[in-house]
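Please look at the sequence and the structure below. The paragraphs after them go from one feature to the next.

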Amino acid sequence: MTQLNRRDALKIGGAGLVTAAALPGVAHAAPSPFFRHGVASGDPLPDGVVLWTRVTPTADSLPGSGNGPRTSVTWQVATDADFRQIVRSGSSATGPERDHTVKVDVRGLAPGTAYHYRFVLDGVASPAGRTRTAPAPDTDVTSLRFGVVSCSNWEAGYFASYRHLAARDDLFGVIHLGDYLYEYGTGGFPGDGGVVRQHAPAHEILTLADYRQRHALYKTDPDLQALHAARPWMVIWDDHEIANDQWSGGAENHDPATEGPYAARRAAAHRAYAEWMPVRFGPDERIYRALRFGRLADLVLLDLRSYRSRQVTGVAVDDPARTITGDAQMAWLKDELSGSRARWRLVGNSVMISPVAIGAVAADVLGPLARLLGIPSGGIAVNADQWDGYTADRKELLGHLHDNKITNTVFLTGDIHTSWANDVPLHAARYPGVPSVATEFVVPSVTSDNIDDFLKVPPRTVSLAAEAVLSATNPHVRWSELDSHGFGVLDLRRERARMDWFFVSDRTRRDATAARAATFTTASGSQRLTRSWL
């Protein structure tokens, strides 16, 4: 038994608690004092999906506190919104050892089917969520749409992008490409206009309790809650889920002398993430995984932080011993791409794979002179935290696509807070005739700073010159926009893959509007992008 019964819950909830008798003995709460952090679903399979919530059974059972009793939470999956046709149900125990989170991998569902789900504690129901299973592997799916997002910094603004995606009724689900939350203390990475809303805890997060509290804060956002409840999410992590520019053995934003062993911080961050996110993990905490959507698309989700070598600069980026994927993940990725029988191969890729260099000629143009000059094979990279800093792995992966004639590979990328449409060249040489082996859609940040924010200049001023230089130096970059915040919508059909970029009017306003800014399409078999003008 919990220590807070339904009558107590009604008292605590006050005017915010709305009850309805959809089922005898069950009260719907909006919001419920038991279910303050919403509900979520993720990683849809043809026969199953992961369901998530977090309960607050007593007033002191706060996230990260370690307080509160163990309790049992009922979950229900139904084909109707009134929960009169319940097809799966069960109970799950939770307590302070897992921060009172509940995560259930529900199986035995029908493929390609919409479901409603909820959780019940002491007769009080959570808000209901809506999810969907993936189509059966042999289904000839005609179309799919996904919302695509990245880099949502609480302190820099509001999550209006999530609100606009939640309002759409044409999306199968949401692909989040990392930096779901940020680890900084308040003011450590604010927006251009300062701290719009303050992080909690206010200090930089280091411990398990800290990471739990930060996850909890983000899941109080009403727009984030709405989007989680509306669609299944497919999520990967990037660096800020632990610390900035992390690699396998440390991070730029971690000082062992003052913050303790990196391994302890990483373990705390990973545990909190596993508790608070609707993600299905594999053996040894493996988060890279594949999801399949009939014959139309396979989606592989990469972990480009846990196994990577430390970031370097100069010719060291070409060292073949360096890796961004790790050997096991690279072998798995190549097997997934080779074995896919879907029309489209989508790669959830947290950092840009297309080469980007400014003001430098690639080494393979200069030949032996490049080594003497200290120029890496792809030129002098703008950002060695991307695949540009791990050129041997990139060469291996793109060579695999080319040598095995694997077509229709689309990289979906986040991390750099800006928008790009790229033809992915086989290698980084900047001369005509280099074949394109894939395409890449890079989505902007939901809120995190980009060029005009960092430089504190008006939008569409300095960035216009930077975009022109990028295009002149990198002809495979078909388009870039370095100022705006927003989201993408990926529209897949057998004959083409299309990305629409939407930009919000003002990230500091919860009621920001959104407008479509650009559209690029790659035709099946082409490995090239074309722009559709608005």
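An open sheet of seven strands runs in the order β15-β16-β17-β18-β20-β19-β21, and its pairing is mixed. Strands (E, at least two residues) and helices (H or I, at least four) are DSSP runs, numbered from the N terminus. Two strands pair if DSSP finds at least two bridges between them. The edge strands, β15 (289-293) and β21 (477-481), each pair on one side only. On average, neighbouring strands of this sheet are turned by 20° against each other, direction ignored; the axes behind such angles are lines fitted to C-alpha atoms, and angles run from 0 to 180 degrees between N-to-C directions.

This is a predicted model, in which local features need pLDDT of at least 70 and side-chain atom pairs count only at pLDDT 80 or more, while totals for chains, interfaces and linings use all residues. Residues are numbered from 1 along each chain as its sequence is written, and side-chain values use heavy atoms, with hydrogens and water left out.

Within the sheet, strand β16 (residues 297-301) and strand β17 (residues 344-349) run parallel and are joined by five bridges. Asp-298 has Arg-345 in β17 as its bridge partner.

Next comes helix α6 (residues 262-276). How far apart are its end C-alpha atoms? They are 21 Å apart, which agrees with the 21 Å that its 15 residues should span at 1.5 Å a residue; the expected span is 1.5 Å times one less than the number of residues. The buried residues of α6 include Tyr-262, Arg-265, His-270 and Trp-276. Buried means under 20% relative accessible area, exposed means over 50%, and partly exposed lies in between (1.4 Å probe, protein chains only).

Leu-455 belongs to helix α11 (residues 451-455). With a relative accessible area of 47%, Leu-455 is partly exposed.

The last features concern the backbone. Most residues other than glycine have a negative phi, and most peptide bonds are trans. Ala-200 and Pro-201, however, are joined by a cis peptide bond with an omega of about -5°. Pro-201 is found in the loop between β11 (173-176) and α3 (208-218).

Arg-460 is not a glycine, yet has a positive phi of about 60°. Arg-460 lies in the loop between α11 and α12 (462-473) and is partly exposed, at 31% relative accessible area. Gln-527, also not a glycine, has a positive phi of about 60°. Is Gln-527 buried or exposed? At 10% relative accessibility, Gln-527 counts as buried; its place is in the loop between β24 (514-523) and β25 (530-532).
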